[in-house]
2 protein chains.
Amino acid sequence: MSSFLERFSFNHATAKFWDQSEAIEACARTGSGIGLWREPVQEQGLAATAKQVRDAGVQVTSLCRGGFFTDPTPAAIEENKRAVDETAELGAPALVLVSGPILEGGTLDSAREGVAEALAALAPYAAERGVTLAIEPLHPMFTSDRCVVATLGQALDLAAPHPAEAVGVVVDTYHIWWDPNVWNDIARAGAEGRIASFQLADWITPLPAGVLTGRGQLGDGCIEMRRYADAVDATGFTGPIEVELFNDDLWARPGPEVFEETRAAFARVLS
Amino acid sequence: MSSFLERFSFNHATAKFWDQSEAIEACARTGSGIGLWREPVQEQGLAATAKQVRDAGVQVTSLCRGGFFTDPTPAAIEENKRAVDETAELGAPALVLVSGPILEGGTLDSAREGVAEALAALAPYAAERGVTLAIEPLHPMFTSDRCVVATLGQALDLAAPHPAEAVGVVVDTYHIWWDPNVWNDIARAGAEGRIASFQLADWITPLPAGVLTGRGQLGDGCIEMRRYADAVDATGFTGPIEVELFNDDLWARPGPEVFEETRAAFARVLS
């Protein structure tokens with residue numbers, strides 16, 4: 001077993017329609033971590049999920065997702081505080097934040113200012129509960145409708161005013177692989193202690209028409225996975241490595257099969 | 001007539017299936033410039049096209065396109081030299097370069113090195129003929145299959161080893177609007193004398209399924225066009241402003257109608 005495989009974490013969204021408790025069982029059997037999503041956690045029950053992972057000795061490596069606070073209303077902040085509480089109850093170190101879209105009538109800059117405001121409102125709350133807010137830059141094809149944070153460098157700049165234990169970043173290969181500054185930004189993220197989550201997904205060509213659900217299985221695309229793992233490791237990061245694939249074809253298949261295939265692909269690309 | 005409208009240039013690709021000579025006539029009637037493409041120029045004939053624009057007093061503001069030289073073979077370099085010659089014969093100041101994809105069996109880095117090599121091979125040839133090679137960064141959703149140059153900053157870094165009259169960059173709002181560094185990079189491009197072409201197209205949400213042909217009519221999306229025009233102007237750039245829209249809906253409509261609509265949208269968003 002490679003040292004990378006010991007760090008494998010299966011994000012539940014990779015087999016989105018697989019019963020969450022079965023996914024947790026599969027992770028327990030294989031010594032894997034798991035990345036969870038709020039809606040399935042609610043469905044199984046927060047306390048029940050927390051008990052299952054604790055009893056099974058499965059590490060919840062992240063909870064998805066908070067964010068959508070480009071309009072940082074009191075309601076949006078409250079919703080994110082609930083997500084922080086859930087993250088803490090699950091024993092997960094990080095709450096993944098997808099920042100949200102440009103607002104109707106607003107600008108890209110005003111949306112980005114909203115994100116900075118929301119982080120300021122949430123950071124102390126998260127720090128008190130031992131949760132790191134993990135800012136996820138999304139690929140720039142999602143900037144207008146999903147996440148105005150588009151690069152790792154921008155995420156680090158947004159995190160900078162806050163303590164690293166309160167606000168970090170997600171390094172997700174799918175979203176950042178094209179960036180000419182990516183290697184410098186990964187080194188910077190490590191040096192600043194900001195890597196709160198490390199996720200893998202591949203970029204396949206041609207880009208599937210449904211861009212939201214076209215993330216490739218590891219090894220099916222052009223991203224140099226081992227190089228990313230080595231670069232992140234070189235910063236001193238020794239945490240879990242999650243695989244999160246939004247992919248219509250994977251979602252149509254049985255969860256156990258997707259889990260095994262993904263774990264095998266992970267071992268292969270990092271070997 | 002606003003000073004911006006006097007600088008309007010209609011890229012022929014905006015009405016892709018409109019007869020080129022008719023498009024040139026429309027530009028002549030309205031005092032517009034025109035951006036041309038190599039294939040329609042070949043179809044009408046290079047000498048005939050050059051004669052028509054000269055006689056009509058229409059400025060060819062750019063020729064599209066060279067590039068696709070991530071594998072900088074002698075054949076690729078020769079093809080680009082021919083494109084430089086055509087640009088010179090049309091009296092256009094700039095040849096737009098779409099750099100090309102990641103190669104089968106190659107990496108993103110090796111493709112980017114290929115681009116640097118190709119530029120070194122072509123820059124003296126272009127300079128001798130009074131043509132500027134205009135490196136166009138494309139939106140990162142095209143990095144794997146079309147253009148490994150993904151940001152304006154990266155394009156400027158690639159241009160840096162060469163004289164500004166030989167190698168410049170394209171500032172195209174559609175490709176760069178999401179970039180947190182875009183305002184700094186535009187200022188840098190101007191300060192370094194590298195703005196060889198300035199193009200407008202809008203980003204519409206949701207992103208159309210055919211991402212290559214989903215560029216929005218000016219004003220239909222989220223890009224702050226006037227802010228871009230002002231930022232480019234503030235660098236001292238006084239050249240033409242091209243509108244280049246790859247859009248299936250526009251392509252299905254009559255050229256004259258698309259021309260008038262585009263010119264009106266241009267005047268509106270820059271007013």
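The side chains of Asp109(B) and Arg227(A) come together in a salt bridge, with N and O at 3.0 Å, the term standing for a side-chain nitrogen of Lys or Arg within 4 Å of a carboxyl oxygen of Asp or Glu. The model is predicted, so that local features need pLDDT of at least 70 and side-chain atom pairs count only at pLDDT 80 or more, whereas totals for chains, interfaces and linings use all residues. Residues are numbered from 1 along each chain as its sequence is written, chains are lettered from A and ligands numbered from 1 in the order in which they are written, and side-chain values use heavy atoms, with hydrogens and water left out.

Across the interface of chain A and chain B, two salt bridges are found. The contact (heavy atoms within 4.5 Å) draws 26 residues from chain A and 26 residues from chain B. Between them the chains bury about 2,000 Å², 65% of it on carbon and sulfur atoms, where buried area is the accessible area (1.4 Å probe) that two parts lose on being put together, summed over both. Trp177(A), Trp178(A) and Pro180(A) supply 22% of the area that chain A buries against chain B, more than any other three residues.

Turning to chain B, helix α4 (residues 74-89) has 16 residues, which at 1.5 Å a residue should span 22 Å, and its end C-alpha atoms, 23 Å apart, agree with this; the expected span is 1.5 Å times one less than the number of residues, and helices are DSSP runs (H or I, at least four residues) numbered from the N terminus. Just after α4(B), Gly91(B) takes a positive phi of about 70°.

Note on methods:
Helix = DSSP H or I, 4+ residues; strand = E, 2+ residues; numbered from the N terminus.
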